[in-house]
Amino acid sequence: AAAPGGGLVFAAGAGVYLLNGTTLAGALAGAAPEAAVEIAAVPGAAGGVAYAPDFATLYVGDAVENAIYAFDADPKTGAPEAETRRVFFAAASGGDATAATPDAEATPDAATATPDAAAATPDAAAATPSAASPDAGAAVAGALAVDAMGRVFATAPERIDVLAVDGARLGALRTPGDQPTGVVLAADHHLYATTAGGRVVRVAL
């Protein structure tokens, strides 16, 4: 994830690390990079990382706990406050998603969370998916993305969960028979997701 000031935040093991903008620019120019600084940690194994639009919140997926943690962060540096770690969203056993807010709407809003025809059928340029079905126990939040309204999009078994800013689950974008592995929100108002089957799926938002 991009951090304020041109830095880069990434996950490794249970930790989340920051390469600041100066170090990253030097590394790209061929200079020996300084060691990345650990800025956060989760109980299990860190997965996807993403910032809220104002950089005041850092979201970190945990592939072992099947949860997403939120940290308060410094909007100027992106550095999170370790003591503010809290569960933003958790998944029940078997991969079923549950929201922190128990009465959250489970049906996706047609204008925001329902995939269009392009999502149900991958673009013609997309690779043909493999016949292998995804692991039923695939981890939640291996990849995260946050849109301009603060909604969080998190990969999960055969779907991408759509979460409100309070962690309530708004709905899901389904990828039946295939496991999403990456998610990107593009300037053309589409979500693009890669899958374990080799597809690139496009969804209008």
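Two strands are taken to pair if DSSP finds at least two bridges between them. The model described here is predicted. Under that rule, strand E13 and strand E14 (residues 190-195) pair, joined by five bridges. The two strands run antiparallel. Within this pairing, Pro180 has Thr195 of E14 as its bridge partner.

E13 and E14 belong to an open sheet of three strands. The order is E13-E14-E15, and the pairing is antiparallel. Strand E13 (180-185) and E15 stand at the edges. Each has a single partner strand, so one side of each is left without a neighbour in the sheet. From one strand to the next, the twist averages 20 degrees. Strand E15 covers residues 200-204 and includes Ala204. Along the chain, Ala204 and His190 are 14 residues apart. Their C-alpha atoms are separated by 4.5 Å.

Asp178 and Arg199 form the contact, with the closest N and O atoms 3.2 Å apart. The pair links distant parts of the chain. Asp178 lies in the loop between E12 and E13, and Arg199 in the loop between E14 and E15. The two residues are 21 residues apart. Both Asp178 and Arg199 are buried.

A further antiparallel pairing joins strand E11 (residues 159-163) to strand E12 (residues 169-174). Five bridges hold this pairing. Arg159 has Arg174 of E12 as its bridge partner. E11 and E12 form a hairpin with five residues between the strands. In this hairpin, Gly167 takes a positive phi near 90 degrees.

Asp161 and Arg159 are buried. Arg169 is buried as well.

Another open sheet is built from three strands in the order E1-E2-E3. The pairing is again antiparallel. Strand E1 (8-12) and strand E3 (37-41) are the edge strands, and each pairs on one side only. Neighbouring strands of this sheet are turned by 30 degrees against each other on average, direction ignored. E1 is joined to strand E2 (residues 15-19) by five bridges, and the two run antiparallel. Leu8 stands opposite Leu19 in E2.

Phe10 is partly exposed, with a relative accessible area of 29%. Tyr17 is also partly exposed, at 22% relative accessibility. A charged residue meets a ring elsewhere: Arg85 lies over the face of Tyr69. The distance from the ring centre is 5.4 Å.

How values were computed: Residues are numbered from 1 along each chain as its sequence is written. This is a predicted model: local features need pLDDT of at least 70, side-chain atom pairs count only at pLDDT 80 or more; totals for chains, interfaces and linings use all residues. Side-chain values use heavy atoms; hydrogens and water are left out. Helices (H or I, at least four residues) and strands (E, at least two) are DSSP runs, numbered from the N terminus. Axes are lines fitted to C-alpha atoms, for helices over the stretch in contact, and angles run from 0 to 180 degrees between N-to-C directions. Buried means under 20% relative accessible area, exposed over 50%, partly exposed in between (1.4 Å probe, protein chains only). A charge sits over a ring if NZ of Lys or CZ of Arg is within 6 Å of the ring centre and within 35 degrees of the ring normal. A salt bridge is a side-chain nitrogen of Lys or Arg within 4 Å of a carboxyl oxygen of Asp or Glu.
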